[in-house]
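This report covers the fold, the packing and one ligand site of a protein chain. Please view the sequence and the structure before reading on.

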Amino acid sequence: MASVRKYSAKGDTVNSLIRHTLLATAAVFAVLTVSPAMADDEFMFEGRKKCYNCHKAQGKSWAKTKHGKAMESLKPGKAKKAKLKAKLDPEKDYTEDKDCVGCHVDGFEQEGGYLIDDPDKWLTGVGCESCHGAGSGYRKLHRKAGEKFEKSQKTTPRKKLLARGEEFEFIEKCNACHLNYEGSGWEGTKKPYTPFTPEVDEKYAFDFEKYVRNDKAMHQHFKLIGTFTGDPTPKFHEEFQKAAKPLPKDEE
Ligand code: HEC
Ligand code: HEC
Ligand code: HEC
Ligand code: HEC
């Protein structure tokens, strides 16, 4: 998808900046923190099983959302009315159709991502990595930073997560699926397009500010203890954290 390349390019700049700074300060440090695989910005999809290990609450909540059930909609007999309206065949099985699957799974045909010939249940549906970014670079830092915070209350800047492929703006990720149709006004459009456009029904008009607060599709938010700090933080971060639930007792 075009947007992915855009993201790689952005990551590249950040990575090379960091690489240069590190090289300038201490070569040894650079070797320790930025391995060649990471410097190369091609972060891999790993599947949400990894995320579930540490974020069960978000995982459980996500599974009940529309994104969690996105593959279901491609099955015959599901979402019949919507399919008819979009001139699709409600009795057809679209679960292996390459014109459909790409936006209903994680990392379609990207490194480590979903493949029609080798479907992985941990990549099925619009999962964690579709929004938060391919996880191979940043999830290890989550563990390390979590351990550090627990031991010494020392926080880690979010900037480090950004350099390892974690997403904080979200909007371009959303756009790549929600605004991928001709005339949407989004620059990255590329076939196959979504059949569900405002022309089919007004309700498919994507409005980020509204959609990101829609709890039928977005997982519930749980209180963070503050391991990561500083920019980039989305402007709704405070709002979501203020209304967030405490983590269930057994998951603290
Ligand atoms: C990989 C593609 C993909 C990405 C990325 C994505 N979505 Fe979705 N989204 C979908 C699909 C597919 C559905 C429909 C799921 C279904 O009903 O089968 C959907 C449904 C939704 C809905 C439900 C709409 C309704 O009518 O009830 C909302 C809200 C939503 N997405 C918001 C977002 C936001 C906000 C983002 C970015 C933070 C985002 N999505 C990122 C593919 C994506
Ligand atoms: C470019 C990304 C993209 C492609 C390709 C795509 N979809 Fe989706 N699909 C979406 C998004 C985004 C939504 C959610 C739209 C919304 O609710 O605002 C969605 C929603 C749906 C829904 C639920 C609609 C509803 O109102 O309940 C069905 C069913 C569906 N898609 C089937 C398909 C089928 C079948 C194909 C292939 C012919 C396909 N999609 C191809 C992005 C895509
Ligand atoms: C459709 C996009 C989307 C998907 C899919 C998604 N998230 Fe999120 N997630 C968000 C947004 C938006 C936030 C709010 C970010 C903020 O407040 O800074 C968030 C916040 C979080 C947080 C911070 C604490 C909280 O609850 O707000 C965690 C942890 C998290 N997500 C984990 C996950 C995991 C694990 C999955 C997969 C099971 C997942 N997310 C799937 C969009 C998504
Ligand atoms: C080994 C455990 C572990 C794994 C695996 C893990 N995380 Fe985390 N994650 C953490 C910890 C610890 C925090 C900090 C939580 C806090 O401050 O309350 C965190 C924080 C987050 C946040 C909030 C970051 C912020 O802005 O403060 C998001 C979003 C998130 N994780 C998503 C994910 C996703 C998506 C995956 C899978 C690709 C993942 N995590 C894998 C341990 C993990």
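## Fold

The protein chain holds 12 helices and 2 strands. Read from the N terminus, the order of elements is α-α-α-α-α-α-α-α-β-α-α-α-β-α. Of the contacts in the chain with a separation of 6 or more, 61% join residues 24 or more positions apart.

## Confidence

The model is predicted. Its protein chain has an average pLDDT of 88, and 83% of the residues score at least 70. In residues 1-40 the pLDDT is below 50, and this stretch has 34 contacts in the model beyond near neighbours in sequence. Where pLDDT is low, predicted coordinates should not be read in detail.

## Packing

The protein chain has 252 residues, of which 26% are buried. The largest nonpolar core has 12 residues, including Phe43, Phe45, Leu74, Tyr94, Val105, Tyr114 and Leu123. Apart from this core lies another one of 6 residues, among them Ala145, Leu162, Ala163 and Phe228.

Leu123 belongs to the largest core. Leaving aside residues up to four places away in sequence, Leu123 touches Phe45, Gly47, Val105, Asp106, Gly107, Gly113 and Tyr114.

## Shell around ligand 3

Which residues come nearest to ligand 3? Of the 25 residues around this ligand, they are His55, Cys128, Cys131, His221 and His237. Two or more residues of the shell come from each of α4 (48-54), α5 (56-63), α7 (128-132) and α12 (237-243). The element that gives the most is α7, with 4 residues.

By residue class, the shell around ligand 3 comprises 13 nonpolar, 11 polar and 1 charged.

Terms used. Residues numbered from 1 in each chain as written. Chains lettered and ligands numbered in written order. Predicted model: local features only at pLDDT ≥ 70, side-chain atom pairs only at ≥ 80, totals over all residues. Near = placed C-beta within 6 Å. Nonpolar A, V, L, I, M, F, W, Y, C, P; charged D, E, K, R; others polar. pLDDT = per-residue confidence, 0-100. Contact = placed C-beta atoms within 7 Å. Core = buried A, V, L, I, M, F, W, Y, C linked by C-beta atoms within 7 Å. Buried ≥ 20, exposed ≤ 12 C-beta atoms within 10 Å, placed from the backbone.
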